[in-house]
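Below is a short briefing on one protein chain.

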Amino acid sequence: MVFRRFFDRGAKGAESAPEQVAESEMETAEYAAPVEETEENEPEGVAERDDADILTRARAVLPMGTSTGSKRVEALYGSADSSGPTHFSQAVGCRIVDVDGNEYVDCTMALGSVSLGYAEPNVSRAVADAIANGNVCGLADAREVDIAERLCGIIPCADKVQFLKSGAEAMAAAVRIARTYTARDLVIGSGYFGWLDWCSDEAAGVPQRTRDDFKRIPFDDAAALERAVSDAGSRLAAIVIEPVVERLPSTEWIQRARDLATKSGAVLIFDEMKTGFRLKTGGYQAFADGVPDLAAFGKAMANGFPLAAVVGDRDVMDASRRTWISSTLAGESAALAAAGAVLAWHDSGDVCGSLWTIGAELRRVITAAIQASGVDGIAVDGIDPMWLLRFDDPAREQRFLELAASHGVLFKRGAYNFAALAHDEDAIREIERGASSALVDLRDEDAAR
């Protein structure tokens, strides 16, 4: 298969995406390679602060060693004493450089928030231009109107939009809007919706009364959903679903959720943080034609810049006027400009179709590497744009991830690896080589025991 690179760094305007290539060719992105570190251009302080040192310092001043739970060492590799890079100094395309100057091809793509590539030139230029004109003030940014109008044009359920900064905020806002609209309190949910109290039924520090207002059900289990709705009765405010959890859901599951919400007078909410701008620009609801009342988008919507949105039916969204949802920086210009550049990419060609194609190729080469190595207990799972590695043994998973990093490839532990346009043919070959080398090392270590 020919992988054609279809834009070069800095050649287009801030919101001017490349021309679409032939449908038979994969659309990928060509990025400048990370700058080689020298005494002249080395980032300040990196020479004196290696990765081990910065991790010690991080643990001394950050309760988890990082402000993002999924970036803790134990989350990255499986154990707090794992070996592997923990902090980066540069990210361009699909390549990152750690604080020791080692380069890696990245499959995590910032937990799915980057679908084009790190430091994508059009996005970076749009953001720089926005910052140059002031990224926030006491008035609303005009871009807020423009981006909201464009989202309403591509997301099936969207009549109105409210911007926030994170997925957790957006989902909490959607639930508050639903509770305000219905004047009810109980929420039924299936999926991961962030860290805030309303859905943290097992986290410490959450009042029991708050826990009691959220009932978790298994993914894609229509019978469990029906029972939960029946038990909720007239208290049911919302059914909240993460529509894709490692696999596509059954049509029955989504349709039953829609029917039950409508029949009970509850609000159906989709968490489209991972699926939006990845399965389809308009999310799972555009991909599979199942329309909720409200939905939350973010992550790839701004290619890694902090922006999220609650979108939905006009009447339901207008309930936000009767409650209070507000954030000083919700509509700051840098992230809105990034979203505008991302939308230009999606307007210019089938970005999501390319992500499916690239993801399929990544899955193919990793599957081939596993088969060639003869290592058992490992499988490739998920769907093409967001796939995962399954290990029968957590200890072997940890060791594989460490070995892969030593061969210059970063995979995500336990959750999704994400395709990006920046995964061109060279990157895919490097990923295959790194995975193959790590698997051979793992096989040899197993044999030596």
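The sulfur of Cys-157 lies 9.0 Å from the closest cysteine sulfur, that of Cys-152, which is too far for a bond. A disulfide is counted when two cysteine sulfur atoms are within 2.5 Å, and by this rule the chain has zero disulfides. The model is predicted, so local features need pLDDT of at least 70 and side-chain atom pairs count only at pLDDT 80 or more, while totals for chains, interfaces and linings use all residues. Residues are numbered from 1 along each chain as its sequence is written, and side-chain values use heavy atoms, with hydrogens and water left out.

**Cysteines**
- Cys-157 is buried, with a relative accessible area of 4%; buried means under 20%, exposed over 50% and partly exposed in between, with a 1.4 Å probe and protein chains only.
- Cys-137 is exposed, at a relative accessible area of 55%.

**Sheet S13-S14-S16**
- Three strands form an open sheet in the order S13-S14-S16, with antiparallel pairing (two strands pair if DSSP finds at least two bridges between them).
- Strand S13 (378-383) and strand S16 (417-418) are at the edges with a single partner strand each, so one side of each has no neighbour in the sheet.
- Six bridges join S13 to strand S14 (residues 386-391) in the antiparallel sense.
- Asp-381 has Leu-388 in S14 as its bridge partner.
- Helix H12 (residues 351-373) packs on the sheet and touches S13 and S14, its direction making about 170 degrees with that of S13; axes are lines fitted to C-alpha atoms, for helices over the stretch in contact, and angles run from 0 to 180 degrees between N-to-C directions.

**Nonpolar cores**
- The largest nonpolar core has 104 residues, of which Leu-151, Ile-239, Ile-366, Leu-389, Phe-400 and Phe-411 touch the most other members; such a core is a set of buried Ala, Val, Leu, Ile, Met, Phe, Trp, Tyr and Cys residues joined through side-chain atoms within 4.5 Å.
- Helix H11 (residues 333-348) supplies the largest share of this core, ten residues.
- Beyond its neighbours within four places in sequence, Phe-411 is in contact (heavy atoms within 4.5 Å) with residues including Cys-107, Trp-387, Asn-417 and Ile-431.
- Another core, of 27 residues, lies apart from the largest one and includes Ala-172, Ala-174, Val-187 and Cys-199.

**Whole chain**
- The chain has 14 helices and 16 strands, taken as DSSP runs numbered from the N terminus (helices H or I, at least four residues; strands E, at least two).
- Of the 449 residues in the chain, 53% are buried.
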